[in-house]
Amino acid sequence: MLIAGNWKMFKGPGETRSFLESFEPPEGVDVIVCPPYVSLAAAVETGRTVYAQNVHWEPNGAYTGEIAPEMLLELGVHGALVGHSERRQLFGESNEMVARRARTALGAGLGVIACVGETLEQRESGDTDLVLKIQVEAIAFAAGAHEKLVLAYEPVWAIGTGQTATPAMAEEAHGFIKDILDRPVLYGGSVKPENAAELLAQPSIDGALVGGASLEPDSFAAICRIASASDREHG
Ligand code: PGA
């Protein structure tokens, strides 16, 4: 089981350090934290597994505001998220950009969590499978079933809204994704201690990408403990 905490634009270096110094992940679960760029060094110093929230596809160049894979490696960062729906929706990232980011990061030796997911409008108009297929195929075409690649299914309508996909809905989407690209798939979208157990009990759900509930040490630790127990049950 893998639990990743996406801190988004929260926690500077000081808060990052104090969170991680007091946070002890339980046995039997791999935990990744994704702090903002300026807090990556502080997170790495605590000895945790650390991913950036994005990464560019070139080794350097005139790309104001972007960070290259080699720069993350130099800092001791282990990987990066790509294609988070906030990047896609608020910053106009296309499937092609996401795929390029994934390919170069993996090529440089970073781990990658590549996010996919449909909007409410797409789900309501019956386009969920089509949207997921296009998003996953772009990543599959660029990166293949790379051993350091993990996918995250994050229905956009469930992110930060308190609405979660039902375990059956998530399980169906995960199965669909794995048929296209056979890699572990995390579920993301309002995961919290109250709903983590039933989501993580689904056979095709390999972990969670947690936003809001990862910001607070107690709730993040509770989700990690649930994942650890669920891992033991799955054998
Ligand atoms: P949330 O965010 O858990 O706050 O819904 C998940 C994410 O955006 O990765």
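**Largest pocket.** I began with the lining of the largest pocket: 17 residues, with Lys8, Met9, Gln53, Arg87 and Phe91 nearest its centre. The model is predicted; local features need pLDDT of at least 70, side-chain atom pairs count only at pLDDT 80 or more, and totals for chains, interfaces and linings use all residues. Residues are numbered from 1 along each chain as its sequence is written, and side-chain values use heavy atoms, with hydrogens and water left out.

A pocket here is an open set of points on a 1 Å grid over the protein atoms alone, where a 1.4 Å probe fits, with protein on both sides within 12 Å along at least five of seven lines; lining residues have an atom within 4 Å of a point. I noted a volume of about 470 Å³ for the largest pocket. Helix H4 (residues 85-90) gives the largest share of its lining, three residues. By class I found eight nonpolar, five polar and four charged residues in that lining. Gly counts as polar in this scheme.

**Second largest pocket.** This one has a volume of about 210 Å³. Its lining also came up: 17 residues, with Lys8, Ile159, Gly160, Gly211 and Gly212 nearest the centre. I logged seven nonpolar, eight polar and two charged residues there.

**Ligand.** Where does the ligand sit? I found it in the second largest pocket (more than half of its atoms lie within 2 Å of the grid points). The ligand is surrounded by 13 residues, the closest being Lys8, His84, Glu154, Gly160 and Ser190 (a heavy atom within 4 Å counts as near). That shell holds four nonpolar, seven polar and two charged residues.

I looked up polar contacts (N or O pairs within 3.5 Å). A backbone N or O atom of Ser190 is 2.7 Å from a ligand oxygen. For Gly211, a backbone N or O atom is 2.8 Å from a ligand oxygen. A polar backbone atom of Gly212 also lies 2.8 Å from an oxygen of the ligand. Alone, the ligand exposes 280 Å², and the protein buries 95% of that (Shrake-Rupley method, 1.4 Å probe).

Key. A polar contact is a pair of N or O atoms within 3.5 Å; within protein, one must be able to donate a hydrogen and the other to accept it, and residues adjacent in sequence count only if both atoms are side-chain atoms. Grid points are joined across faces, edges and corners, and a volume is the space filled by probe spheres set on the points. Helices (H or I, at least four residues) and strands (E, at least two) are DSSP runs, numbered from the N terminus.
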